[in-house]
Amino acid sequence: MIKFFLMVNKQGQTRLSRYYEHVEIHKRTMLEAEVIKNCLSRSKEQCSFIEYKDFKLVYRQYAALFIVVGISETENEMAVYELIHNFVEVLDRYFSRVSELDVSFPIMFNLDRVHIILDEMVLNGCIVETNKNRILAPLFVLDKVAES
C-alpha cells in the first residue's frame, strides 16, 4: 500500500504531498524533511529504493524534480517505480510537452489538475489506473466545460 506521495524540488521544497494514512501535521513536516534529506543526499548511481523506519521509499529524479513515494514493506518497489514514471508521462501529456527543466512550473500553477491526475491513478493508497487515456479523460471533460 502507498502511504504517501511527494513531489519535491532540488532545494527540498515540497511541491505536492498526498497522504493515504493519517499523519499529524507536525509529524508530516518532520517526516518530509527526513525523507527529502535522505533522497536528495543520494548519488545517481545509488538504488532508488530505501528502507526507512517501518516502510520503504521509492523515488525517481526528473531534472530538478524528485518524486518520492512511501510504501509498506509488502508493496512491490518496481511497480511503484513504474507508477512514478507513468505519472510523469501523464503530466507531460496533459501539460503539452513541458520540458524537463520546466516540469515544476505547470505543477505549481495547476495543483488542482495534478491532484486530479494523482487521484485517478491512486485511490486510498492502491494503484487503480495506469491507462493514460482513462486518467486524462476527466481532465479533458473539465477543460471542455471550462471553455464553454
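**Fold, aromatic contacts and salt bridges of the model**

Ala63 is placed in the loop between strands β4 and β5 (65–71), and its phi angle is near 55°, a positive value in a residue other than glycine. The structure is a predicted model, in which local features require a pLDDT of at least 70 and side-chain atom pairs count only at pLDDT 80 or more, whereas totals for chains, interfaces and linings use all residues. Residues are numbered from 1 along each chain as its sequence is written, and side-chain values use heavy atoms, with hydrogens and water left out.

The protein contains five helices and seven strands, both assigned as DSSP runs numbered from the N terminus (helices H or I, at least four residues; strands E, at least two). Along the sequence, these elements follow the pattern β-β-α-β-β-β-α-α-α-β-β-α. The radius of gyration is 15 Å, in agreement with the value near 15 Å for a compact globule of 148 residues, where the radius is taken over C-alpha atoms and the globule rule is 2.2 Å times the number of residues to the power 0.38. Taken along the principal axes, the C-alpha atoms fill a box of roughly 50 × 30 × 30 Å. Buried residues account for 40% of the 148 residues, and the protein exposes about 8,300 Å², of which carbon and sulfur atoms supply 53%; these areas come from the Shrake-Rupley method with a 1.4 Å probe, and for residues only the protein chains shown count as cover. Among contacts (heavy atoms within 4.5 Å) between residues at least 6 apart in sequence, 49% join residues at least 24 apart.

A search of the whole structure identified eight aromatic pairs, defined by rings of Phe, Tyr and Trp (its six-membered ring) whose centres lie within 6.5 Å, with planes under 30 degrees apart counted as stacked, over 60 as edge-to-face and the rest as tilted. One of these pairs is formed by Phe5 and Phe87 in an edge-to-face arrangement, with 5.0 Å centre to centre and 75° between the planes. The pair links distant parts of the chain, given that Phe5 belongs to strand β1 (residues 2–9) and Phe87 to helix α2 (residues 77–94), 82 residues apart. Phe5 is buried, with a relative accessible area of 1%, and Phe87 likewise counts as buried at 1%. Phe49 and Tyr81 also form an edge-to-face pair, with 5.9 Å between the centres and 85° between the planes. Because Phe49 lies in strand β3 (residues 49–52) and Tyr81 in helix α2, this pair ties together parts that are 32 residues apart in sequence. Phe49 is partly exposed, with a relative accessible area of 25%. Arg60 lies over the face of Tyr81 at 4.0 Å from the ring centre, the criterion being NZ of Lys or CZ of Arg within 6 Å of the ring centre and within 35 degrees of the ring normal. Ring pairs also link Phe4, Tyr19, Tyr52 and Phe55 into a cluster.

The structure holds eight salt bridges, each a side-chain nitrogen of Lys or Arg within 4 Å of a carboxyl oxygen of Asp or Glu. Glu34 is partly exposed at 31%, whereas Lys53 is exposed at 64%. The phi angle of Lys53 is near 50°, again a positive value in a residue other than glycine.

Asp143 forms a salt bridge with Arg113, the closest N and O atoms being 3.2 Å apart. This bridge ties together parts that are 30 residues apart in sequence, because Asp143 lies in helix α5 (residues 132–147) and Arg113 in helix α4. Arg113 counts as buried, at 16% relative accessibility, and a network of salt bridges links Asp112, Arg113 and Asp143.

Note on methods. Buried < 20%, exposed > 50% of the residue type's maximum accessible area, 1.4 Å probe, protein only.
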